[in-house]
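Here's a quick briefing for anyone meeting this structure for the first time. Have a look at the sequence and the 3D view, then read on.

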Amino acid sequence: MRYLFLFLALSLYSTVSQAQFDISGEGKVYLTNGSTQEFDFGFSYFRQEGRYRFIVGRHNLAVHKVPKKYSLALVLQDEKQIWVTDFINEPLNGFELQLDDYRIKLFKDAKAKDASGNFVLQINDEQFYFSRGPGQINFYFTEDGIKNVRVEGMFKPKK
């Protein structure tokens with residue numbers, strides 16, 4: 001009985017310490033010059049050469065454990081264009097990103113009168129408008145992947 005308990009405890013420990021995930025995402029950015037560009041953006045967490053690595057988009061970091069969250073900044077400039085430097089270092093009119101169970105889209109909607117610059121952020125079926133300052137899409141993680149996605153610095157329009 002003692003050995004069974006020890007075996008189960010070691011199995012649980014090795015499962016937790018070996019947790020890894022690889023979430024690939026594909027998207028498109030709509031540039032202010034009218035062109036469209038595709039990009040890859042995802043999250044990975046794995047052990048490599050005795051260290052843990054966390055990859056977000058094109059950034060690669062050594063970490064001790066899974067980060068609790070990652071914030072994607074959306075900067076509205078002069079109510080005319082958006083900057084999302086994690087995707088591309090150019091101003092945008094919008095973007096689309098499919099990431100795990102999340103469909104994230106930023107677009108202009110002339111009907112969105114209360115939205116600064118008429119920009120609307122949509123995550124699955126929820127919509128958000130810019131408030132003051134930059135917007136943030138916060139990805140919260142567990143050792144198995146994305147636990148939750150929350151938006152900050154933006155507000156939900158009244159229906």
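Does Asp78 count as buried or exposed? Asp78 counts as exposed, because its relative accessibility is 61%, where buried means under 20% relative accessible area, exposed over 50% and partly exposed anything in between (1.4 Å probe, protein chains only). Keep in mind that this is a predicted model, in which local features need pLDDT of at least 70 and side-chain atom pairs count only at pLDDT 80 or more, while totals for chains, interfaces and linings use all residues. Residues are numbered from 1 along each chain as its sequence is written, and side-chain values use heavy atoms, with hydrogens and water left out.

**The big picture**

- The protein chain has 1 helix and 15 strands; helices (H or I, at least four residues) and strands (E, at least two) are DSSP runs, numbered from the N terminus.
- Of its 159 residues, 40% count as buried.
- Contact means heavy atoms within 4.5 Å. Among contacts in the protein chain with a separation of 6 or more, 46% come from residues 24 or more positions apart.

**How confident is the model?**

- Mean pLDDT (the predictor's confidence in each residue, from 0 to 100) is 87 for the protein chain, and 87% of the residues reach 70 or more.
- Residues 1-17 are another story: pLDDT stays under 50 there, and the model has 2 contacts beyond four places in sequence for that stretch.

**An open sheet**

- Strands of a sheet pair through backbone hydrogen bonds, either parallel or antiparallel. Here, two strands pair if DSSP finds at least two bridges between them.
- Four strands make an open, antiparallel sheet in the order E1-E4-E5-E6.
- E1 (21-23) and E6 (59-63) sit at the edges with a single partner strand each, so one side of each has no neighbour in the sheet.
- From one strand to the next, the twist averages 25°; axes are lines fitted to C-alpha atoms (for helices over the stretch in contact), and angles run from 0 to 180 degrees between N-to-C directions.
- E1 and E4 are joined antiparallel by 3 bridges, and Phe21 faces Tyr45 of E4.

**Two residues of E4**

- Ser44 belongs to strand E4, which covers residues 43-48. Ser44 counts as buried because its relative accessibility is 12%.

**E11 and its neighbours**

- With 4 of its 5 residues buried, strand E11 (residues 119-123) is largely enclosed by the rest of the structure.
- On one hand, E11 runs antiparallel to strand E10 (residues 102-108), joined by 5 bridges; Lys105 has Gln122 of E11 as its bridge partner.
- E11 also pairs antiparallel with strand E12 (residues 126-130) over 4 bridges, and Leu121 stands opposite Phe128 of E12.
- E11 and E12 form a hairpin with 2 residues between them, and Asn124 in the turn has a positive phi of about 55°. Asn124 is partly exposed, at 31% relative accessible area.

**Nonpolar cores**

- A nonpolar core is a set of buried Ala, Val, Leu, Ile, Met, Phe, Trp, Tyr and Cys residues joined through side-chain atoms within 4.5 Å.
- The largest core has 39 residues, and Phe43, Phe87, Phe95, Leu121 and Phe139 touch the most other members. Strand E9 (residues 92-99) gives the most to this core, with 4 residues.
- There's a second, separate core of 5 residues, including Phe107, Ala112, Val120 and Tyr129.

**Around E8**

- Asp78 lies in the loop between strand E7 (69-77) and E8. Asp78 isn't a glycine, yet its phi is positive, at about 55°.
- Gln81 is in strand E8 (residues 81-83) and is buried, at 19% relative accessible area.
- Leaving out residues up to four places away in sequence, Gln81 touches several residues, including Thr32, Val75 and Phe119.
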